[in-house]
Amino acid sequence: MSWLVSAVLVCAASIHPQADPQAEAWQQRVYAAWTAGDLYTARQLALTAGVAHPDDALLAEYELQLAVALSDGQGAATALQRLKTSAPSTSAERLPALEAQVTELVARDGDGEQSVQRAQVACAALALVTLVLAWLGLAKATARPG
Amino acid sequence: MTGLTGVHRPHVRVLGASIAFLAGAATMAGELAAVRLLAPWFGASTIVWTNVIGVVLLALSLGYLLGARWANGAAPWTVLSRALSAGGLLLAAAPHLVAWYAQWFLPANLALDAADGVLQWGSLATAGLVFLPPMVALGCVSPLIVEWWTRATQAHAGSAGGFVLAASTLGSLLGTFVATHVLVPSLGLVLTFTVAGGVLVLVGVIVALTQRQLLGLLWLVPLAGMATHEAVATPAPRPIVRVLAQGESALQSVRVVEQVAFGNAPWRFLQVNESFDSFQSVWSPTPGLLSNGYYYDLFALPVLAEPARERLHMGIIGLGAGTAWRVVDGVRPASMQLTGEGAELDPLVVEYAQTYLDLPRDGTRLRVLSGVDGRMYLQHAARSVDVLVVDAYRNQTEIPAHLATLEFWTLCQNRLTEGGWLLANVGSFGLQDPLLQALARTLAQAFAAEVHVWRVPFARNAVLIARKHAQVPDPAHLVTGNESFDALLRAIARPEMHCVVAPPVAFESVLRDDCAPLEALGARSLSRARAVARGDVAP
């Protein structure tokens, strides 16, 4: 749980809602959910708003920070791309740091799935070895000595 | 008459029965301790138990087959000594091997919402890789002893087999009780495996000596190196955490850590079989509300919503280190007399809590029921309670079924005074989490009333709230005067943060003692978690 608190506090401290005539309502809703500790809703609102306002830099920033907080590498990469398009000058200064962060997240994105695959391969290998040994055992277990 | 290689016939019987007895004891001790060894990484859920038992049964049946094959050879006692020694060494190496494999299948810092499938497959693969080889070796033992026995004594195979099976099963019986009640709590996991493995190696060497085949065990030397390698029995704590105490109880691995980099004063956490970013109890230097992200703060609702009460008697199921008590005690008005009882299944948790986390020892206001199961507490509680807190679930995967069913919640309702409160902490990924919904429906059915589900801001927890013949307040309209708690209420008042679950129409949709598919619900919950985190599904 503490990871969630830390992530939200860090993100909330770095982001402040700005007046934006086209997307202000969305921004306020995302920010309200965010500061109330409801990261999941904030993320979904940011994603929905991103579809309606793809060029809004602040929403892209929200989306990026929320994806980072929720350890979604692929989502963070998409949001970073949106941020680059919507605010090239702003993002240029922070780009190296953001890209490094997103790259690391993307690399860890499939950790869970890869672990499952590794475990499944190990189980399959064990099953094969077991079958071979069982066959070897059966082949001679019933034979009489001599 | 002597046996084939000089062992007297009566001695063959004694030696054979003793070996079968010790192998049986080591098998069961290893099986029970295996779950404990996996628990710090994968938990000790029914799924993990099933995987370990399945692996052991598969290994034993394979061992029986191989033993049957080798029994046909010219010198089964030679194979017997090797099987015992190899099985013993592999068993002694298990703590080291588990740490090695588990880290491979469960990456460090993997969040719970990314762990879908990892617990099932990771625990199965780790159990297979670590415990299949020694258990196959131990499975070989019984048929080889039977063969040795029949050849040396000319006994009927059925007669020899019956004696060997009886001795082996008696050994298993002893191994079961000794491992749980003596070896693991007093020696710890690593030494338990060392002792169990060491005994087998010793017996293997004795058998080899009787047959003058000691040199035949030389190929096991590399295994001995593996078994004596320094073992890591639990996942390492995160770098910013200092371990204050760590131990093995009869039930689980318990640890108290201090978060030295958390705020100005260090906070302490009780962790039980923990491998994710989670804990079971938290201690802050000052009693009272903790802060954002801690579900315990919601347990203060009855006290803050009814400050005029003169007395309040509280029951806590899953006392842990007494965090719920410390929070409620810290916010109660001075005029309110607070008493309570807390049931905690694990005495080591209570011992650590009293030493490191300020859990009261005197029993004047809080009676600590150490080693008592929650449902047993409800069945035998001497008096009714005004507030009942249920905090006995761990993540999405370890929910004791007997503390989640209609029968349990009905028992809870019976123990409450009129207007009494029930608050239960449940891990969840949003209001529509299938596990959360099933528990809420069941609770609603038991209370025959609406259950309020409040998500905890900044956390992946929700608290179920129900009252006996009274209304749960609406978070949007309740003002307690406690600034921090009112801020919490305002956050929960958002539509996405709370909901109401009415008693279900269909009786089939509630969890019952007879049928509570919690493992399947937990798996669905974890599966949904990733989609929620990605924003694909509404929380």
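Mentor: What follows is a talk about helices, a sheet, domains and a chain contact.
Mentor: This is a predicted model, in which local features need pLDDT of at least 70 and side-chain atom pairs count only at pLDDT 80 or more, while totals for chains, interfaces and linings use all residues. Residues are numbered from 1 along each chain as its sequence is written, and chains are lettered from A and ligands numbered from 1 in the order in which they are written.

Trainee: Why are H4(A) and H5(A) called roughly antiparallel?
Mentor: Helices (H or I, at least four residues) and strands (E, at least two) are DSSP runs, numbered from the N terminus. Helix H4 of chain A covers residues 57-69 and helix H5 of chain A covers residues 73-86; their axes cross at roughly 160° and come within 8 Å. Axes are lines fitted to C-alpha atoms, for helices over the stretch in contact, and angles run from 0 to 180 degrees between N-to-C directions. Angles under 35 degrees count as roughly parallel, over 145 as roughly antiparallel, 65 to 115 as roughly perpendicular and the rest as oblique. H4(A) and H5(A) are therefore roughly antiparallel.

Trainee: Which residues of H4(A) and H5(A) meet?
Mentor: Among them are A:Ala60, A:Leu64 and A:Val68 in H4(A), and A:Ala76, A:Leu80 and A:Leu83 in H5(A). Contact here requires C-beta atoms, placed from the backbone, within 7 Å. The residues of this contact of H4(A) with H5(A) divide into 9 nonpolar, 2 polar and 3 charged. Ala, Val, Leu, Ile, Met, Phe, Trp, Tyr, Cys and Pro count as nonpolar, Asp, Glu, Lys and Arg as charged, and the others, Gly among them, as polar.

Trainee: What makes H5(B) oblique to H6(B)?
Mentor: Helix H5 (residues 157-187) and helix H6 (residues 189-210) of chain B pack at about 120°, with axes 6 Å apart. That angle makes H5(B) oblique to H6(B). The contact is made by residues including B:Leu183 and B:Leu187 of H5(B) and B:Leu191 and B:Val195 of H6(B). By class, the contact of H5(B) with H6(B) has 7 nonpolar, 1 polar and no charged residues.

Trainee: What makes E1 and E4 of chain B edge strands?
Mentor: The open sheet has 4 strands in the order E1-E2-E3-E4 (chain B), with antiparallel pairing. Strand E1 (241-248) and strand E4 (281-283) of chain B each pair on one side only.

Trainee: How do you know that E3(B) pairs with E4(B)?
Mentor: Two strands pair if DSSP finds at least two bridges between them. Strand E3 (residues 267-272) of chain B is joined to E4(B) by 3 bridges. One pair of bridge partners is B:Arg268 and B:Trp283, the latter in E4(B). E1(B) and strand E2 (residues 253-259) of chain B have 7 bridges, in the antiparallel sense, and these two strands form a hairpin with 4 residues between them.

Trainee: Where do the domains of chain B lie?
Mentor: Domain 1 of chain B is 9-227 and domain 2 is 285-533, with bounds from an automatic or database domain assignment. Taken over C-alpha atoms, the centres of domain 1 and domain 2 of chain B are separated by 42 Å.

Trainee: How many residues does each chain give to the contact?
Mentor: Chain B gives 43 residues and chain A gives 39 residues. On the side of chain B that touches chain A, the largest share, 8 residues, comes from H4(B).

Key. Contact = placed C-beta atoms within 7 Å.
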